[in-house]
Amino acid sequence: MTADAFAVGGRNADEPAMPDVYAQRAFGFWLYLMSDAIIFSLLFATYAVMARNNAAGPTGHTLFSLPNAFGETLLLLFSSITFGFATLAMKAGERARMLSWLLITFVLGLAFVGLEIREFHGLVQAGAGPDRSGFLSAFFTLVGTHGLHVSFGLIWILIMASQVMVKGLTAPVTSRCLRLGLFWHFLDIVWVGIFSVVYLPGIL
Amino acid sequence: MARSTTDNDHGLKFYLTGFALALILTAIPFALVATNPLPKLPTLIIIGVAAVIQVLVHLRYFLHLALTSTPRENLLAIVFTAILIFLMVGGSFWIMLDLNHRMSM
C-alpha cells in the first residue's frame, strides 16, 4: 500500500481510475461525512436563529461555563492528535503502539462525553432543560447530536481496537481504521464550530 | 504535491504542526472571552475568523485534504457541500431575519 492510500480517497487525482475497492469505500464514506456536515450546518443555523429566543428563561451567559467548554475543547483536540499518532503507528506497522494510542484516544473521548453529560445533567437540574425555551431546544439538539456522534465514535474505536488485536493490521482493517480517522477528525471540526458559535458568543 | 513528498508531509511533524496551529487558534478566542479586553463586535469577528482558519487547519493537517493529492471527486463533493451549506444556511438567515423585521413593524 502506498503512502497515498492514507490520504483522503486513497489515490492521485491524475491517475487513471482503478477498481480499488478501498478507494471507493473511502469516497463513499467521504460522501457520508459531507451529508453529516450539511446536517450539522442546519443545526447551527437553527441554533443561530433561536439563540435569543430564551422565553424569559436563562441565557447562555448564565448557563455556560468557560472552563468546562475549554476542557471539552482540549480533550477533543488532544484526542485528534492521539488518533493521528495511532494512524502513524499503523502506517509503520507497529500494532502495539497503535493500540495504545487508540486506547488513549478512547479515554480522552470518554472524558469528553463525561464532561458533556455532567453539563447536560446540571442544566436539566437547574430547570434549563430542552423544554425550557427555543434557545435551549436548539442548544440540546446541536450539542447533543455532536455528543451522540462522539459516543458512536467511541464504540467504533473499541470495535476497531479489537479487530486490530484479533485480525492484525490487514488491508480491510487498515482501511476501516482510516475511515474511523476521517470520522474522528471530522467531529473535532464540528466542535470548533460549536465552541465558536455556541459557547464563546454565549458567554461573551 | 508530488507522490514522493506525500509520505514526509503526512508524518509526525505534519500532525504536530496542525496540532500547534489548532492550539493557538483555540487559545486566542478563549483568552479573548476570558479576559474581555475588546468590545463585543471585534471579539466576535476574531472568534469567527479563528474558527474558519482552524477548520481549514484541521482539513489540511488532520484530514490531509490537498488541492493536488486529494482525488478530484472528493474535492468536488466538498465544494458541492459548501455550496449547499451556503444556500441553506444563508437562505435560512435571510428568511428568518426578514421575518423578524416584518413582524416587528
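How many residues does the contact take from chain B and from chain A? In this predicted model, the contact takes 44 residues from chain B and 38 residues from chain A. The legends below treat the two chains and their contact in turn.

**Figure 1. The side of chain B that touches chain A.** The contact draws 44 residues from chain B and 38 residues from chain A. On the chain B side, the elements that contribute two or more residues are helix H1 (3-9), helix H2 (12-35), helix H3 (40-61) and H4 of chain B. Of these, H4(B) gives the most, with 13 residues. By residue class, this side of chain B comprises 25 nonpolar, 14 polar and five charged residues. For the model, the scores are ipTM 0.89 and pTM 0.89.

**Figure 2. Helix H2 of chain B and its surroundings.** H2(B) has 24 residues, and the distance from its first C-alpha to its last is 34 Å, close to the 34 Å expected at 1.5 Å a residue. Its buried residues are B:Tyr15, B:Gly18, B:Ala22, B:Leu25, B:Thr26, B:Pro29, B:Phe30 and B:Val33. The cover over these buried residues comes from both chains: it includes helix H3 (66-91) and helix H6 (171-203) of chain A together with H3 of chain B. Just after H2(B), B:Asn36 adopts a positive phi of about 55 degrees.

**Figure 3. B:Phe86 in helix H4 of chain B.** B:Phe86 belongs to helix H4 (residues 72-103) of chain B. Is B:Phe86 buried or exposed? B:Phe86 is exposed because 11 other C-beta atoms lie within 10 Å, and a residue with 12 or fewer counts as exposed. Between B:Phe86 and B:Ala66 there are 20 residues in sequence and 22 Å in space, C-alpha to C-alpha.

**Figure 4. The fold of chain B.** Chain B contains four helices and zero strands, and from the N terminus on its elements run α-α-α-α. The radius of gyration of chain B is 19 Å, well over the 13 Å that the globule rule gives for 105 residues, so chain B is more spread out than a compact globule. Along the principal axes, its C-alpha trace spans about 65 × 40 × 15 Å. Of the 105 residues of chain B, 23% count as buried. Among the contacts in chain B with a separation of 6 or more, 66% are between residues 24 or more positions apart. The domain assignment divides chain B into domain 1 (1-70) and domain 2 (71-105). The C-alpha centres of domain 1 of chain B and domain 2 of chain B are 24 Å apart.

Figure 5. Chain B has a mean pLDDT of 89, with 90% of its residues at 70 or more. Over residues 1-8 of chain B, however, the pLDDT is below 50, and beyond near neighbours in sequence this stretch has twelve contacts in the model. Where pLDDT is low, predicted coordinates should not be read in detail.

**Figure 6. The fold of chain A.** Chain A has six helices and zero strands, and its pattern along the sequence is α-α-α-α-α-α. The C-alpha atoms of chain A occupy a box of roughly 60 × 35 × 25 Å, taken along the principal axes. Buried residues account for 40% of the 204 residues in chain A. Of the contacts in chain A between residues at least 6 apart in sequence, 74% join residues at least 24 apart.

Technical notes. Residues are numbered from 1 along each chain as its sequence is written. Chains are lettered from A and ligands numbered from 1 in the order in which they are written. This is a predicted model: local features need pLDDT of at least 70, side-chain atom pairs count only at pLDDT 80 or more; totals for chains, interfaces and linings use all residues. pLDDT is the predictor's confidence in each residue, from 0 to 100. Two residues are in contact if their C-beta atoms, placed from the backbone, lie within 7 Å. A residue is buried if 20 or more other C-beta atoms lie within 10 Å of its own, exposed if 12 or fewer, and partly exposed in between; C-beta atoms are placed from the backbone. Ala, Val, Leu, Ile, Met, Phe, Trp, Tyr, Cys and Pro count as nonpolar, Asp, Glu, Lys and Arg as charged, and the others, Gly among them, as polar. The expected span of a helix is 1.5 Å times one less than its number of residues. The radius of gyration is taken over C-alpha atoms; the globule rule is 2.2 Å times the number of residues to the power 0.38. Domain bounds come from an automatic or database domain assignment.
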